Amino acid sequence: MKIMIFGASGSGTTTLAQRLSIERGFSHLDTDDYYWLKSEIPFELKREPKERDELFSNDFKQYENIVVSGSILNWNAQFNNYFDLVVFLWIPPAVRITRLIKREEERYGELLITDEYHKKKYTEFIKWASGYDQPGFPSRSFELHTQWLNKLQTPTLKLESDITIEERLRLVNEKIEHLSIHQELAFTEKNEINRTLYDLLLSADPSIEVINSYTHNNQIFVALYRTKIVGAFVLLPLNKSTIEIKNIAVKTQYQGIGLGKRLLEKAATASVAKGFKTLRIATGNSSIGQLALYQKGGFELVGMNHNFFIDHYPHPIIENGIRCKHLLILEKSI
């Protein structure tokens, strides 16, 4: 796993990267070590861009798990594809500048008062750091960082509030876990349904009798993450050209991280492999989230079974504050 953490000076990128590297046993690189040459007074002499990029690339490629702190804005464009996760930190300017002033005072002490050169550099630095949030600021800025971030194809996490380091670590670790699930997700077919799988299928269809009616002798696909069942779907052929997803479910604790989309993609791939041309899926009129997911996945509404859930289910189903009455049928060409 390769992670970059960046933001304005004083936003806490180095602190978070150091804590994360210790907690996870990752190597830590700071872009300042490549941008600046070592000098008696730090941050005085810039390294030549070509040398900087070569040094960074060589060090980066040595490690399997790594966290980088600092910006690589306007560095070699190939670095944009180096990361599995990019974390952007932002805190209110007043909080950030107060931290920077305190940090500089602790770092240089009386020199900021007695030494004219240090006083001048300190004044210039605080002025520069204060410009980060100003529109049109001609240096490293929120505007330029946001533009760069929006161009990335890499998964991103934005932490845009003044929260504790512990909360930042929790959110980053949570995101890493979600990415790991996607990277390690595996699918297998099941011929039998155990209790765990029943419970999962029942979360999408509350009738065990109905589930039994379409799982017998049909394809049951299970999504696994490190041997744990995290999702499942059932495929039921309707005719020579059309197959239906009769049940699709993701475990509650794994919802909201894109696994539903992965299950739909796997269902389409498996259906194409068996020679089907049309993939069907149906859901209740109250299933707002599922309807959005299916339509984003290319499914189109083709019909409705009026009062299906009233006629076939013994108890009322309430979802999103709506009585589930009608079965909506969607299809897509595959």
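The model is predicted: local features need pLDDT of at least 70 and side-chain atom pairs count only at pLDDT 80 or more, whereas totals for chains, interfaces and linings use all residues. Residues are numbered from 1 along each chain as its sequence is written, and side-chain values use heavy atoms, with hydrogens and water left out.

Helices (H or I, at least four residues) and strands (E, at least two) are DSSP runs, numbered from the N terminus. The buried residues of H11 are Leu259, Gly260, Leu263, Leu264, Ala267, Ala268, Ala270 and Ser271; buried denotes under 20% relative accessible area, exposed over 50% and partly exposed in between, with a 1.4 Å probe and protein chains only. In an α-helix there are 3.6 residues a turn, so residues three or four places apart point the same way. Just after H11, Gly275 adopts a positive phi of about 90 degrees.

Ile248 lies in strand E9 (residues 242–250) and counts as buried, at 15% relative accessibility. Residues up to four places away in sequence aside, Ile248 touches Ala204, Ala232, Phe233, Gly260, Leu263, Leu264, Ile281 and Tyr294, a contact being heavy atoms within 4.5 Å. Ile248 and Ser139, 109 residues apart in sequence, are 49 Å apart in space, C-alpha to C-alpha.

Ser139 is also among the residues touched by Trp128, the others being Ser9, Phe137 and Arg140, again not counting residues up to four places away in sequence. Trp128 belongs to helix H6 (residues 116–130) and is partly exposed, with a relative accessible area of 28%. The C-alpha atoms of Trp128 and Ser9 are separated by 9.7 Å, although the two residues are 119 apart along the chain.

The protein as a whole has 13 helices and 14 strands. Its radius of gyration is 27 Å, well over the 20 Å that the globule rule gives for 334 residues, so the protein is more spread out than a compact globule. The radius is taken over C-alpha atoms, and the rule is 2.2 Å times the number of residues to the power 0.38. Along the principal axes, the C-alpha atoms fill a box of roughly 85 × 40 × 35 Å. Buried residues make up 42% of the 334 residues.
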